[in-house]
Amino acid sequence: MRETFNKLASIILGTSLAASIAVADGGELKKIMEARGLTENDVIRAAKTYLPTGGRDEFVVFSSGGQSGQIIVYGVPSMKILKYIAVFTPEPWQGYGFDQDSLAVLRQGNIRGREINWGDTHHPALSEQDGKYDGKWLAINDKANPRVAIIDLHDFETKQIVVNPIFKSEHGGAFFTQNSDYIIESCQYAAPFDNNYHPIEEYKETYRGGATLWKFDSKIGRIDEKASFTIEMPPYMQDLSDAGKGVSDGWAFTNSFNTEMYTGGIEVGMPPNEAGMSRNDTDFLHIYNWKKLAEVAKDKKNVKIVNGHKIIPIEVAVANNALFLIPEPKSPHGVDVSPTGEYITVCGKLDTHASVYKWSKIKSLIDAKKYVSKDPYGIPILDMKSSLHGQVELGLGPLHNQYSNVDGEIYTSLYVDSQIVKWNYKDLKVLDKENVHYNVGHLCGMEGKSADPQGKYIISLNKLAIDRFQSVGPLHPQNHQLIDISGKTMDLLYDMPIPLGEPHQAVAIRASKLHPAVRYEMGTNSKTGKQHIGKTLAGQEKIVRKGNKVFIYATMVRSHINPERITVNKGDEVTMYLTNLERAQDETHGFTVDHYDVHTSLEPGETSSIKFTADIEGVFPYYCTEFCSALHLEMMGYLMVKDPNKKYVSAQKLKMKTMTPQELKAEYDKTVAVNAATDEVIQSVVAFLKENKFEKHKVVADLVTDAFDQYGQIPAQKKLADEAVKAGDLEKAILFENMIWQLMVKTADVGIRAKDALVRLVATKQSATVQAGEKAFGEGGCSGCHVIGKVSSGPDLTGVLLRHENGEKWVKDFIMNPEKMYNDAYVKSMIDYFNLKMPNQHMSEKEVTEIVEYLKWIDDNANLF
Ligand code: K7E
Ligand code: CUA
């Protein structure tokens, strides 16, 4: 598959090179550039990001969706959005929060019994092995309601939400340790760990910060809450974190602001928080040995339990030589560990410098117990100068950092200057700056925070979009700008408006590392990965009543829902289990019952459930919400809710005219004949597929399997039809024969798709000239009358070059000056037959030559049309 696309890409690249030559000779590209006001640089940038139809991107980006509580997935370099993953908020398309199974995931996020239906996602993180992304799991944090969620990259669905039981706010998550043993989630706004009232005047005594280490099982992709713990920290506002890797593995780094421990009070005449919280020149970088503390936490004596959660008190961490502080420039934001783990870069938003700490220096200070002092909570403070490798002046408002594949190369966002700066953290030199629009927050490199950064691109995640896009009102989209970093200097390639959330951080991974599934094993509850209790196979559909509880076991397959009629009493509690019986790729069905605020999306093989109380009387259509086939509208049924306390008077039966036996027989015969003819078409496609060895091409073989999924259901329907004939019920027999026809149409639909795909795969490669010829054939109007492989309003052109002596010249002359040849005996006979004259399409000599090349290509592949 990928290989085919690569080939396709190279063909297209070939034509674009040809096109750039066309600029020089005043060709089509030049015309387009003039008409659209494009410069040569624009065209080069377009070519660097353009993804031809059917193409695939090299990288996949997972961006936080900010206040939308979701994750945005898009490709690089095309910047095409691929998916929104529902995480902390309901998402209607995927039924997230509208069916019982996803609701169970969403409700894991309840806090103290309260339903929370929004989230403020900030930092997505990809699971790692040896510090490199393994493409298996994605974690993301919620700043507003301290929670972490786990997404399975096998189906891009959220599987788990864990609530931090002691934090009231957080920001520094989610960060995987280098083998995904733990996920770090550090606090932001300090608050009491317990759930009680504590006056702000007791801030220093009773308010606390910290870092939670969530134990992660990377085999099953779940956090083990019981095996997790929090390291207590002073009420400094802990901010971003990063796990050590390589030489610093086992340690972690969390920076902070408001080490002043200022608590504001504008309303009582105090200066505002912003003044008091940024008074000191430096804040503290927290350095802690999580590996050691994980062992320490296993002993009950070492921990205190609050809200059922283990906390290692500051003094225990200090006594175990596992918690230290180093001054860092004030109000820092990012702390980013280099690919080898040796350099740790901190940028202070209010300082123009980046500070590069060196792990070996820090470690030797720790080992020698060389402290300059202790903070008010007894935590040893290491000397800033002795732990620094150096500082570099970058510009105004440095925030976040990303690494590239070049040793020592680092990219930093400058919030105030609205720039990305490229510099070297080893020799501390600034190399290049690129302007972005406006106010960049995070930046995203390709695997740019892993132990194996790929370089190539940086994405600037901008907070504002002034001047950039079509205005859509006072709220603008945000702007992700793609920058090419493969050259000596950076080059801004592309602006992508992001109309969702405020995306804070994004992470990118090579697409080749992702292996998403095509379908579920039949009857899977995708949220648990296990078989669903409501799994229902064809023939097992049923309605079970237990008191006032009604359970419906239903199936969905193109193009019907079984059952199609459900009657319940007003007040019944209705649970519907739905199984999508499809095996075919992308044959999703959706399901809703009108007026009952339920919706589920069922991917092939999936079972899910919806539940509601039938508290309003009436007739409620239910239907499939995905346009899944030509008979999608027919994929419906009725829920009838009747009031048991009401008497219903039966409506007078209408006398409908019925068909005579002769009429019925005629319709039955006609239906059977149509089926036979349709089957012939299918058999001819099958013969073609077999002759051309479809099984050799996976794409085609998959389509054929899908097609025969449908075809295989025909014998059972045929049996029912024949039984009905025997029983003398032609009415019913016609309906079953109709069902057969539906199955045939679905088979043919996919079968023809398979045939088209196969033709493209087995045909001789088209040269650039042949491609140009095909285009000229289409755009010059030839295809209006000539269809290759078929006689339509003009003759079939297969073999046209062989039909005439000196065929190439004959065809060329005829296209250039058809009028001159109307009296030619052959042409005359054709004009009479089709009652049409070949018009002069005023084509250039070049186009005609290309068309002839195209016709030659057709002859080479004539057996395929
Ligand atoms: Cu917006 Cu990482 Cu929360 Cu910086 S964060 S921008
Ligand atoms: Cu299933 Cu529409």
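Let's start with Thr536, which touches Glu541, Tyr553, Ala554, Thr555, Thr579 and Leu581, not counting residues up to four places away in sequence; contact here means heavy atoms within 4.5 Å. Bear in mind that this is a predicted model, where local features need pLDDT of at least 70, side-chain atom pairs count only at pLDDT 80 or more, and totals for chains, interfaces and linings use all residues. Side-chain values use heavy atoms, with hydrogens and water left out, residues are numbered from 1 along each chain as its sequence is written, and chains are lettered from A and ligands numbered from 1 in the order in which they are written.

Thr536 sits in the loop between β34 (530–531) and β35 (542–546); strands are DSSP runs of E, at least two residues, and helices are runs of H or I, at least four, numbered from the N terminus. Is Thr536 buried or exposed? Its relative accessible area is 1%, so Thr536 is buried (buried is under 20%, exposed over 50%, partly exposed in between, with a 1.4 Å probe and protein chains only). The Thr536 side chain also reaches the backbone oxygen of Gly534, at 2.8 Å.

Now to another loop threonine. Thr177 lies between β8 (170–176) and β9 (182–187), and because its relative accessibility is 1%, Thr177 counts as buried. Beyond four places in sequence, Thr177 is in contact with Glu128, Tyr182, Ala243 and Trp290.

On to the ligand. Which residues surround ligand 1? They are His122, His123, His171, Leu240, His333, His400, Gly441, His442, Lys463 and His504, each with a heavy atom within 4 Å. By class, that shell has 1 nonpolar, 8 polar and 1 charged residues; Ala, Val, Leu, Ile, Met, Phe, Trp, Tyr, Cys and Pro count as nonpolar, Asp, Glu, Lys and Arg as charged, and the others, Gly among them, as polar.

Next, the cores, meaning sets of buried Ala, Val, Leu, Ile, Met, Phe, Trp, Tyr and Cys residues joined through side-chain atoms within 4.5 Å. The largest nonpolar core has 40 residues, and those with the most contacts inside it are Leu689, Val700, Val811, Ile851 and Leu855. α19 gives the largest share of this core, 7 residues. Apart from it lies another core, of 38 residues, including Met233 and Ile379.

Finally, confidence. pLDDT, the predictor's confidence in each residue from 0 to 100, averages 92 for the protein chain, and 96% of its residues reach 70 or more. Over residues 1–23, pLDDT stays under 50. Where pLDDT is low, the predicted coordinates should not be read in detail.

Note on methods
Polar contact = N/O pair within 3.5 Å; in protein donor to acceptor, adjacent residues only side chain to side chain.
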